[in-house]
Amino acid sequence: MTLRIATLVGSLRDDSINRRFTEALIRLAPDDLRFEPVAIGDLPLFNQDVEAEPSEPVDRFRAAIREADGVLFATPEYNRSIPGVLKNAIDHGSRPYGQSVWTGKPAGIVGVSVGKIGTAAAQQHLRAILAYLDMPTLGQPEAFIEWTDGLVDESGRIGPDSRDFAQDWMDRFAAWVRRA
Ligand code: FNR
């Protein structure tokens, strides 16, 4: 059985290091996992006044999460938390009350930053949100990744220094989603 993994990158930047790392990470996935990018940049700012009449992008987003067997979050760190664009998407998926599309979906978190702590602070905030949304989230290994030369090579693959770590992360994530 193929498991569908909705993949959310919390950066809208064309040359996002989180997107580049995530695309390289996905190349290490086993055959039974299919990673599907889910766009979040076209979602309107969440407004509870209109949550009962969702716009087309919100409908599309919620359907993509609903149909997924698991979710991969790749988050930058903005001011020691997750970017607003990612929180906005999470909020859209959680409403209306009682109709959250996140409930029970197994999740994994990775994050890449230019700083030494590699999104650790942002990921802790994201874990708290996912716990509230009742999403079982892979605990180990933590993927707090500092962007360095060669992390992703010219061909879009994880570089040799990080390949074993990335493969182990992917194998553990796949096992986590299969178990759920
Ligand atoms: C950052 N950056 C950053 N980095 C970090 O390690 N901790 C932080 O708290 C912040 N804060 C922050 C705020 C804002 C508004 C911006 C734009 C950036 C730097 C960040 O790691 C860097 O811009 C990455 O390149 C962002 O990831 P993407 O967009 O390349 O995936």
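1. The model under discussion is a predicted one. Phe173 belongs to a cluster in which ring pairs also link Phe35 and Trp169.

2. How many aromatic pairs does the structure hold? The count is 4. One of them joins phenylalanine 35 to phenylalanine 173, with the ring centres 6.3 Å apart and the planes at 35°, a tilted arrangement. Phenylalanine 35 sits in strand β2 (residues 33–37) and phenylalanine 173 in helix α5 (residues 163–179), so this pair ties together parts of the chain that are 138 residues apart in sequence. Phenylalanine 35 is also buried, because its relative accessibility is 11% and the limit for that class is under 20%.

3. Phenylalanine 61 and tryptophan 102 are both buried.

4. Which residues of helix α1 (residues 17–26) are buried? They are Ile17, Asn18, Phe21, Thr22, Ala24 and Leu25. Viewed down the axis of α1, these buried residues fall within an arc of 160°, so they line one face of the helix. In general, an α-helix has 3.6 residues a turn, so residues three or four places apart point the same way. The buried residues of α1 pack against the strands β1 (3–9), β3 (70–74), β4 and β5 (144–146), and against α5.

5. The N-terminal end of α1 is capped by serine 16, which places a side-chain oxygen 3.1 Å from the backbone nitrogen of asparagine 18.

6. Turning to charged pairs, 11 salt bridges are found in the whole structure. Arginine 20 and aspartate 15 form one through their side chains, at 3.7 Å from N to O. Both ends are partly exposed: arginine 20 has a relative accessible area of 33%, and aspartate 15 has a relative accessibility of 43%.

7. Aspartate 32 and arginine 178 make another side-chain salt bridge, at 2.8 Å from N to O. What does this pair tie together? Aspartate 32 is in the loop between α1 and β2, whereas arginine 178 is in helix α5, so the bridge connects parts that are 146 residues apart in sequence. Aspartate 32, at 22% relative accessibility, counts as partly exposed. Arginine 178 is likewise partly exposed, with a relative accessible area of 43%.

8. Lysine 87 and aspartate 91 form a salt bridge in which the closest N and O atoms are 2.9 Å apart. These two residues are separated by about one helical turn, because they are 4 residues apart in helix α3. Lysine 87 is partly exposed at 31% relative accessibility, and aspartate 91 is partly exposed with a relative accessible area of 24%.

9. Salt bridges with shared partners also join Arg4, Arg34, Glu36 and Glu67 into one network.

Note on methods: Residues numbered from 1 in each chain as written. Predicted model: local features only at pLDDT ≥ 70, side-chain atom pairs only at ≥ 80, totals over all residues. Heavy atoms only, no water. Phe/Tyr/Trp six-rings, centres within 6.5 Å; stacked < 30°, edge-to-face > 60°. Buried < 20%, exposed > 50% of the residue type's maximum accessible area, 1.4 Å probe, protein only. Arc of directions from axis to C-beta. Contact = heavy atoms within 4.5 Å. Polar contact = N/O pair within 3.5 Å; in protein donor to acceptor, adjacent residues only side chain to side chain. Salt bridge = Lys/Arg side-chain N within 4 Å of Asp/Glu carboxyl O.
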